[in-house]
Amino acid sequence: MDFMHQLIQQLINGVSLGSIYALIALGYTMIYGIIKLINFAHGDVYMVGAYIGFAAVTFGGLSIFPALLLSMAITAILGMLVERIAYKPLRHAPRISLLITAIGVSFFLEYTSMYFVTPTPRTFPEVMPNISFNLGGFIINGQQLLILGITIVLMAILTYIVQKTKLGKAMRAASFDTETAQLMGVDSDKVISMTFCIGSALAAAAGVLVGVYYNTIDPLMGIMPGLKAFVAAVLGGIGILPGAVVGGIVLGVVEALVAGFISSTFRDAAAFAILILVLLIKPSGLFGKNTNEKV
Amino acid sequence: MFFSKKKFKLASMIACGILASALFTGCGGGDSAGGGDKKAAAGDEIVIGANFELTGNHAQYGANANNGLKLAIKEVNDAGGINGKKIKIVEADAKSEAAESVNAATKLISDDKVIALIGPAVTANVIAESQVATDNMIPIIAPAATNPDVTVENGQVKAFVFRSCFIDPQQSEVMAQFAAKDLNAKTAVLYLDSSSDYSKSLGKIFKEKFEADGGQVVMEEAFLAKDQDFKAALTKIQTANADVIFVPAYYEEVGKIVKQARELGITAAILGTDGWDDSKVIDIAGKDALNNTYFCTHYFEGDAEVQGFINAYKGEYNNDPNVFAALGYDAGKMLVNAIERGGDDSQKIRDNIETIKDLQVGTGKITMDSATHNPIKGIVVIETKDGMRELRAKIAPEG
Amino acid sequence: MVMLVFGLVLYGVLQMMISTKIIGSFWELNIILICVNIILSASLNLINGYTGQFSLGHAGFMAVGAYVGVVATVKFGLPLIVALILGAIAAGFLGFLIGLPTLRLRGDYLAIATLGLGEIIRIVIMNIDYVGGAAGFKGIPHLTNFTWVFFVMLVTLFFIKNFVNSSHGRACIAIRENEIAAEAMGVNTTKYKVMAFTLGAAFAGVAGGLFAHQFYLISPTSFTFLSSFNYLIMVVMGGMGSITGSIAGAFVVTFISAALASFPEARMIIYALALILMMFYRPQGLFGYMELTNVGPIKKFLDKVSGAKEAVT
């Protein structure tokens with residue numbers, strides 16, 4: 001296999017890995033955009049979504065798409081509840097208290113799940129045919145194409161919602177200045193609630209798809225992808241939807257290239273190093289606008 | 001900067017309350033500590049400690065080993081206990097961290113007065129714990145820590161530390177020989193979990209043995225536990241075009257690695273060690289992907305002598321035991337045997353574990369090697385064919 | 001001065017209870033852990049609480065101190081005190097090197113950058129075979145004891161207290177309150193940010209050295225970003241910008257963890273709920289910006305004592 005061939009295969013690997021980061025990062029970045037909270041519990045909402053999908057398929061006997069929708073719906077409610085119960089009372093508290101609460105929620109979801117489902121990983125039954133395409137020697141997996149496709153479609157829908165609908169306008173207003181938006185007649189609480197709904201549903205979609213693709217789920221599965229998705233969101237400019245997708249894919253490609261051509265041992269270290277370099281050159285991320293500090 | 005005085009008083013009261021309760025608890029724990037320096041099995045219960053990783057990254061291994069142990073003890077208690085005394089297990093959480101393992105072991109020894117410890121599952125946590133146990137003269141049986149350093153330090157056997165599994169060099173040697181002789185492999189790639197010393201030390205020994213047998217390790221790649229996607233490194237491994245790929249790792253990652261390797265079109269034989277031994281590998285990787293894979297482990301599920309354990313485990317937990325559960329069960333059986341033979345304090349239990357001979361445990365018969373504190377037991381090599389396990393080789397215990 | 005006397009009395013009482021076995025070895029170990037955690041939370045408070053720079057990489061600096069410390073004692077046979085100092089220098093130097101470029105970042109961007117650096121440090125250590133790699137560094141002599149950690153903790157607290165009350169400390173607080181205004185007032189913000197970051201890292205290194213010599217074996221798993229979260233939790237729970245708060249935070253978190261050791265399955269759930277409830281009722285932490293020495297009756301008492309002393313001298 002020559003170098004070019006390997007390079008292209010690694011790019012394919014990277015894009016497909018990155019599309020998963022991107023899918024999780026979308027929800028992350030939406031929530032950050034509106035209440036400026038690093039929602040560390042997002043990765044765990046993703047885990048809960050995966051488990052609901054698993055239960056729907058294994059015990060409910062549903063096929064994959066109803067299971068996916070069911071999981072998104074339940075997880076959306078979960079996300080809304082988390083916001084209502086844990087974050088809303090802290091709307092005017094220091095931001096760092098909110099962050100600690102998010103860490104608390106994260107631990108709570110992880111270990112409550114572990115209590116009920118045990119730490120042993122579960123395996124998804126085969127609910128989708130797993131076909132690999134061989135295009136001139138390059139291997140592309142059907143499920144990963146599907147994940148990439150869903151990511152892009154969801155990004156498009158979200159961008160439409162945020163840019164063109166009334167809800168989106170309210171979101172943008174609330175994210176710009178919550179209190180002024182409230183004065184202008186935007187029901188900020190409702191908008192924030194909706195954002196958590198949508199963000200959590202996205203996480204659930206990612207959870208189910210990843211569960212199906214990689215075939216295992218466990219209560220701590222959300223920690224690393226959550227962190228990576230956050231890195232992806234920051235890389236792209238946090239709060240910006242296309243930024244999250246590009247950030248995710250860049251991260252995936254960097255990881256694949258480092259693992260393929262330099263050393264797989266330092267793959268994660270390299271991913272973080274790239275993040276730091278990007279931030280040093282462009283402190284607000286790839287797509288972020290440099291805002292001038294108000295005096 | 002400004003708080004109302006009232007609020008502040010509340011805060012300081014909370015702080016004082018916590019401080020006071022800490023002192024009381026401290027004293028409470030201590031009072032009982034003052035009494036019994038001699039750790040004897042007093043009363044109508046024999047208290048043993050289970051120090052396992054119940055939270056954190058290794059929770060699934062710790063929890064499984066703990067289940068195995070609980071089953072072994074339950075069997076004894078259901079049969080009336082030992083001389084009328086029931087065995088009580090006190091659990092503590094090693095939190096998948098060496099320091100926390102020390103902390104948990106200290107609690108079990110000083111507060112709960114256990115007379116022996118079982119666990120943890122992972123090597124580093126056992127090594128950290130072993131110092132505390134040695135200082136307090138409490139015997140440990142580690143179920144699954146296969147690193148040689150667990151029981152031997154600087155050439156000296158640790159008096160109070162035992163295990164119920166074989167050790168890494170045996171596994172790597174068996175697999176290296178299997179690759180070179182049975183599979184006629186000339187070249188190999190190592191794909192190791194760089195966050196696990198289990199994986200790294202197995203890889204190192206495999207390389208030595210395989211090259212001594214005339215083979216050549218042409219590439220070494222690494223991943224991290226909990227990774228989901230292995231395709232980047234596998235694409236690179238594919239370019240090496242080696243005869244075998246050695247993946248000494250745990251089943252969750254192994255399943256995904258095998259699946260993704262086959263998707264990329266890698267057809268080479270994939271070899272592994274006892275970390276593979278869980279039926280979940282088949283669910284994760286799929287039947288077809290697992291063809292042409294081989295691993296070594298402690299027992300073959302088709303053997304007559306292990307049916308008792310497998311059925312008991314299925315009856316209790318409603319799923320198949322994996323290797324951690326089996327070794328946890330064995331550790332429990334060994335401890336029970338040591339107590340039965342007159343082990344009513346920690347020192348005697350230690351002496352009795354050292355002299356275990358031809359004891360029937362869940363995975364077969366074992367004898368303790370008093371020079372190394374490793375059990376002398378056989379290794380089996382298993383091939384997976386169309387989702388079914390087949391016995392390829394059975395290496396009898398040495399000596 | 002009064003605090004010093006109080007510290008010595010506390011030491012005497014605890015030491016007596018330990019040596020007479022009134023405090024069993026499990027709680028002795030946890031008192032040692034509390035002291036180590038106090039050093040960590042107080043030093044992180046210097047960065048996060050006083051200077052307002054959001055760092056999530058504290059466990060990384062702790063790891064550097066721990067590994068440099070054990071290399072000094074195990075491989076070179078140096079005494080513990082030298083090992084601690086070397087660990088502090090190494091961690092502090094790294095903090096300086098890292099702080100210089102990254103402290104240009106603000107808020108959450110700085111947080112994720114420091115988190116990444118902490119992880120990079122851990123991954124690098126994991127791949128250095130000289131210090132045991134992923135298996136961890138084995139055979140560390142047990143040199144840490146209660147006396148050591150207690151006095152090192154006292155020195156740390158006194159240093160940080162004096163730093164915060166010095167003109168340097170005031171500059172740091174000015175940066176936290178409003179960076180642009182501070183700059184306009186002639187505060188060299190870069191200098192003070194890097195200074196606080198370096199000092200915080202150095203003390204984390206000291207804590208790492210003490211930690212390493214307590215547990216016989218250290219491995220990279222003890223220094224993940226989840227541990228950094230833990231130290232941040234201590235700081236926020238106690239109160240950002242309060243040394244008394246750091247002490248209380250470290251105490252409460254370590255204590256909850258130890259007290260729940262008998263309920264391994266429910267431990268993390270209870271801990272998580274405690275964390276969330278705590279933030280509901282006291283989002284500014286136990287002490288907020290206050291120090292215990294500033295609380296009404298205690299302040300009066302302290303003023304009286306020091307007043308009396310001044311009258312004597």
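Me: What percentage of the 295 residues in chain A do buried residues make up?
Reply: This model is predicted. A residue counts as buried if 20 or more other C-beta atoms lie within 10 Å of its own. In chain A, which has 295 residues, the buried share is 57%.

Me: Does the radius of gyration of chain A agree or disagree with that of a compact globule, and what is its value?
Reply: Start from the chain length, 295 residues.

Me: How many helices and strands does chain A have, and what does its C-alpha trace span?
Reply: The secondary structure of chain A comes to 11 helices and four strands. Along the principal axes, its C-alpha trace spans about 65 × 50 × 35 Å.

Me: Which element gives the largest share of the side of chain A that touches chain B?
Reply: On this side, 30 residues of chain A are in contact with 31 residues of chain B. The elements of chain A giving two or more residues include α1 (3–35), α4 (95–117) and β3 (138–141). The largest share is five residues, and it comes from α1(A).

Me: How many nonpolar, polar and charged residues are on the side of chain A that touches chain B?
Reply: Sort this side of chain A by class.

Me: Which strands stand at the edges of the open sheet in chain B?
Reply: The sheet has seven strands, in the order β9-β8-β10-β11-β12-β16-β17, with mixed pairing. An edge strand here has a single partner, so one side of it is left without a neighbour in the sheet. In chain B, the strands at the edges are β9 (216–223) and β17 (388–395).

Me: What is the bridge partner of B:Ile245 in β11(B)?
Reply: Strands β10 (residues 244–246) and β11 (residues 269–272) of chain B pair in the parallel sense. Three bridges join them. In β11(B), the partner of B:Ile245 is B:Ile270.

Me: What angle does the direction of helix α8 of chain B make with that of β11(B)?
Reply: Helix α8 (residues 251–263) of chain B packs on the sheet. It touches β8, β9, β11 and β12 (293–297) of chain B. Its direction and that of β11(B) make an angle of about 170 degrees.

Me: Why is α9(C) largely enclosed by the rest of the structure, and how many of its residues are buried?
Reply: Helix α9 (residues 189–212) of chain C has 24 residues and reaches 34 Å from its first C-alpha to its last. It is largely enclosed because most of its residues are buried: 21 of the 24.

Notes: Residues are numbered from 1 along each chain as its sequence is written. Chains are lettered from A and ligands numbered from 1 in the order in which they are written. This is a predicted model: local features need pLDDT of at least 70, side-chain atom pairs count only at pLDDT 80 or more; totals for chains, interfaces and linings use all residues. The radius of gyration is taken over C-alpha atoms; the globule rule is 2.2 Å times the number of residues to the power 0.38. A residue is buried if 20 or more other C-beta atoms lie within 10 Å of its own, exposed if 12 or fewer, and partly exposed in between; C-beta atoms are placed from the backbone. The expected span of a helix is 1.5 Å times one less than its number of residues. Two residues are in contact if their C-beta atoms, placed from the backbone, lie within 7 Å. Ala, Val, Leu, Ile, Met, Phe, Trp, Tyr, Cys and Pro count as nonpolar, Asp, Glu, Lys and Arg as charged, and the others, Gly among them, as polar. Two strands pair if DSSP finds at least two bridges between them. Axes are lines fitted to C-alpha atoms, for helices over the stretch in contact, and angles run from 0 to 180 degrees between N-to-C directions.
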